Amino acid sequence: MRDEIVKYSLYKVGARVVYRHEIDEDALEFAKRLVEANPSYAPAYVIDICRTEDGLKMLETNCINAAGFYEADLVKLASSIDELTVS
């Protein structure tokens with residue numbers, strides 16, 4: 001298990017749906033800290049985070065099957081999942 005972020009995307013800005021393959025650097029760092037705080041949480045999963053008036057917050061985690069892939073690089077994601085092995 002690698003405990004790393006493979007892909008990410010933005011899907012909403014305020015109430016407006018916006019699909020982008022890039023996210024703000026502080027959001028990526030926040031997500032990395034969440035992964036580091038929960039090593040070996042799952043072989044593959046999704047973290048939904050949002051920006052609030054009080055800062056970045058984690059909304060939920062989901063299994064990879066529940067992901068809305070939006071602008072994620074699906075070839076890279078599939079390749080990364082394919083590399084996982086169960087011991």
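Author: Let us begin with burial: a residue counts as buried when its relative accessible area is under 20%, as exposed when that area is over 50%, and as partly exposed in between. Please bear in mind that the model is predicted.

Reader: Is serine 80 buried or exposed?

Author: Serine 80 has a relative accessibility of 8%, and because buried means under 20%, serine 80 counts as buried. This serine lies in helix α2, which covers residues 74-83. Leaving aside residues up to four places away in sequence, serine 80 touches Arg2 and Val6.

Reader: Let us turn to charged pairs. What is the general idea, and how many salt bridges does a search of the whole structure find?

Author: Side chains of opposite charge can pair when their charged atoms come close. In this structure, the search finds four salt bridges.

Reader: Which residue forms a salt bridge with glutamate 22?

Author: The partner of glutamate 22 is arginine 20, and the closest N and O atoms are 3.0 Å apart. Glutamate 22 is partly exposed, at a relative accessible area of 35%. Arginine 20 is partly exposed as well, at 30%.

Reader: Where in the chain do the partners arginine 51 and aspartate 26 lie?

Author: Arginine 51 forms a salt bridge with aspartate 26, with 2.9 Å between the closest N and O atoms. This pair links distant parts of the chain: arginine 51 is in strand β3 (residues 45-52) and aspartate 26 in helix α1 (residues 25-37), 25 residues apart. Arginine 51 has a relative accessible area of 47% and is partly exposed. Aspartate 26, at 37%, also counts as partly exposed.

Reader: How are glutamate 29 and lysine 32 placed in helix α1?

Author: Their side chains meet in a salt bridge of 3.6 Å, N to O. Glutamate 29 and lysine 32 are three residues apart in helix α1, so about one helical turn separates them. Glutamate 29 is partly exposed at 32% relative accessibility, and lysine 32 is partly exposed at 33%. Elsewhere, salt bridges that share partners join Asp24, Asp26 and Arg51 into one network.

Reader: What does isoleucine 47 touch, not counting residues up to four places away in sequence?

Author: Isoleucine 47 is in strand β3 and touches Ala31, Leu34, Val35, Met58, Glu60 and Thr61. This isoleucine is partly exposed, with a relative accessible area of 24%. Between isoleucine 47 and arginine 33, which are 14 residues apart in sequence, the C-alpha to C-alpha distance is 12 Å.

Reader: Where is tyrosine 70 found?

Author: Tyrosine 70 is found in the loop between β4 and α2, and counts as partly exposed at 37% relative accessibility. Beyond residues up to four places away in sequence, tyrosine 70 touches Ser9, Tyr11 and Tyr19. Tyrosine 70 and histidine 21 are 49 residues apart in sequence, with their C-alpha atoms 7.9 Å apart in space.

Reader: Finally, how many disulfides does the structure hold?

Author: The structure holds zero disulfides. As for its cysteines, cysteine 50 counts as partly exposed at 22% relative accessibility, and cysteine 63 counts as partly exposed at 46%.

Definitions and conventions: Residues numbered from 1 in each chain as written. Predicted model: local features only at pLDDT ≥ 70, side-chain atom pairs only at ≥ 80, totals over all residues. Heavy atoms only, no water. Buried < 20%, exposed > 50% of the residue type's maximum accessible area, 1.4 Å probe, protein only. Helix = DSSP H or I, 4+ residues; strand = E, 2+ residues; numbered from the N terminus. Contact = heavy atoms within 4.5 Å. Disulfide = S-S within 2.5 Å.
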